[in-house]
Amino acid sequence: MDWDKLRIFHAVADAGSLTHAGDALHLSQSAVSRQIRSLEESLNATLFHRHARGLILTEQGELLFDATAAMVKRIDAATARIRDSEEEVFGELKVTTTHGFGVLWLAPRLTKLYEKYPDLKIDLMLEERVLDLPMREADVAIRMKEPSQADLIRKRLMSVKMRMYASPDYVADHGEPQTLDELSAHRLICQNPVSAQVSAGKLLVQELLTYDIQTALTVNNYFGVLQAVIANLGIGVLPDYIIEDFPSMIRVLPDVESNEVPVFLAYPEELRHSKRVSAFRDFVQDEIFAHRRQLRAMGAD
């Protein structure tokens with residue numbers, strides 16, 4: 001099958017329009033139309049339903065688009081590896097992690113990475129959903145559990161625990177509970193147990209809610225929990241990595257915490273020699289080491 005025709009078909013299916021695909025490919029609409037018609041004739045199948053507002057894939061077209069999408073991802077991966085020079089780090093790197101870790105820990109530290117590699121373009125995708133790395137939904141993942149896929153390179157970075165924190169002003173105004181039973185006199189700020197989160201955090205929240213909590217604020221991400229704690233609304237359940245950047249936070253009920261949550265960095269085997277991936281991996285590892293040193297200095301371990 002003619003790859004050039006498949007390339008044009010993929011562009012048309014992606015754009016939903018002969019005109020838009022032609023603009024992207026620098027071809028005339030008539031040239032694109034001829035190639036699609038030729039491909040349909042060679043396959044003896046109709047690939048698009050045509051209507052006034054654009055093109056819709058037929059069932060046969062969907063099958064072919066799935067195949068060309070996979071081919072494009074593999075070609076993009078090969079191109080990325082070829083373009084990675086031995087001395088330069090440039091181009092796009094798709095990084096995925098959870099909302100909490102991405103917003104509260106990773107994003108504030110990216111300045112150092114860009115200072116070292118100004119031509120790097122990070123596409124940071126914050127998802128609770130686990131993206132498929134071998135299918136190139138992302139290049140690198142930082143995950144709150146060990147990846148299950150066998151064809152991934154993985155490295156354990158650190159462990160996280162969910163703990164309880166309050167602002168100094170809140171404690172000054174409302175006092176600090178000394179036992180779990182005393183939580184009922186305070187507002188608990190946490191993720192809703194039904195929202196997407198690590199199981200250790202969910203179990204801790206479920207346990208805390210059994211203590212006759214009279215008033216609570218639930219948010220579907222840790223950034224929202226943190227902002228509410230900063231605003232003196234109550235006692236929040238937050239990952240312990242936030243304490244380095246918010247050292248004035250007071251840890252409440254220091255004997256209460258979740259089980260450990262392992263944090264892993266993972267990327268596909270085929271990107272083992274990618275300079276972009278290596279640069280990002282080394283940056284994250286250096287920041288983790290600095291994070292641990294800071295926590296030890298603060299006595300926050």
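Q: With buried meaning under 20% relative accessible area, exposed over 50% and partly exposed in between (1.4 Å probe, protein chains only), why is Asp 2 called partly exposed?
A: Asp 2 has 38% relative accessibility, and this value lies between 20% and 50%, so the residue is partly exposed. Asp 2 sits in the segment before helix 1. The structure is a predicted model, in which local features need pLDDT of at least 70 and side-chain atom pairs pLDDT 80 or more, while totals for chains, interfaces and linings use all residues. Residues are numbered from 1 along each chain as its sequence is written, and side-chain values use heavy atoms, without hydrogens and water.

Q: What makes the approach of the Asp 2 side chain to the backbone nitrogen of Asp 4 a polar contact?
A: The backbone nitrogen of Asp 4 is 2.8 Å from a polar atom of the Asp 2 side chain. A polar contact is a donor and acceptor pair of N or O atoms within 3.5 Å, with sequence neighbours counted only for two side-chain atoms. The 2.8 Å of this pair is within that limit, so the pair qualifies.

Q: Why are the buried residues of helix 2 said to lie on the same side?
A: Helix 2 spans residues 18–25, and its buried residues are Leu 18, Ala 21, Gly 22 and Leu 25. Their arc around the axis is only 100 degrees, which puts them on the same side of helix 2. The arc is taken from the directions from the helix axis to the C-beta atoms. His 20, Asp 23 and Ala 24 are the exposed residues on the face turned away from the buried side. Helices here are DSSP runs of H or I with at least four residues, and strands are runs of E with at least two, numbered from the N terminus.

Q: What covers the buried residues of helix 2, and what is found at the start of the helix and just after it?
A: The cover includes helix 1 (3–15), helix 3 (29–43) and strand 2 (54–57). At the start, a side-chain oxygen of Ser 17 comes within 3.2 Å of the backbone nitrogen of Thr 19. Just after the helix, His 26 has a positive phi of about 60 degrees.

Q: Why is Thr 68 called buried, and which residues does it contact?
A: Thr 68, in helix 4 (residues 59–83), has a relative accessible area of 1% and is therefore buried. Apart from neighbours within four places in sequence, Thr 68 is in contact (heavy atoms within 4.5 Å) with Leu 6, Phe 9 and His 10.

Q: What makes the pair Asp 139 and Arg 136 a salt bridge?
A: Their closest N and O atoms are 2.3 Å apart. A salt bridge needs a side-chain nitrogen of Lys or Arg within 4 Å of a carboxyl oxygen of Asp or Glu, so this pair qualifies. Asp 139 is buried at 4% relative accessible area, and Arg 136 is buried at 8%.

Q: How do Glu 257 and Arg 251 stand in accessibility, buried or partly exposed?
A: Glu 257 is partly exposed at 29%, and Arg 251 is partly exposed at 23%. The two form a salt bridge with closest N and O atoms 3.0 Å apart. Asp 282 and Arg 281 form another at 3.2 Å, N to O, and Asp 282 is partly exposed at 35%.

Q: How many salt bridges does the whole structure hold, and which residues are linked in a network of them?
A: A search finds 20. The network links Arg 109, Lys 112, Glu 244, Asp 245 and Glu 287.

Q: How do you know that Arg 143 has no salt bridge?
A: The nearest side chain of opposite charge to buried Arg 143 is Asp 132, 6.7 Å away. Lys and Arg count as positive, Asp and Glu as negative, and His and the chain ends are not counted. The side chain of Arg 143, a residue of strand 5 (residues 140–143), reaches the backbone oxygen of Leu 131 at 2.5 Å. Among the residues that Arg 143 touches are Val 130, Gln 149 and Phe 264.

Q: Why is Asn 44 called exposed, and what is its phi?
A: Asn 44 has a relative accessible area of 72% and is therefore exposed. Its place is the loop between helix 3 and strand 1 (48–51). Phi of Asn 44 is near 55 degrees, a positive value. Most residues other than glycine have a negative phi.
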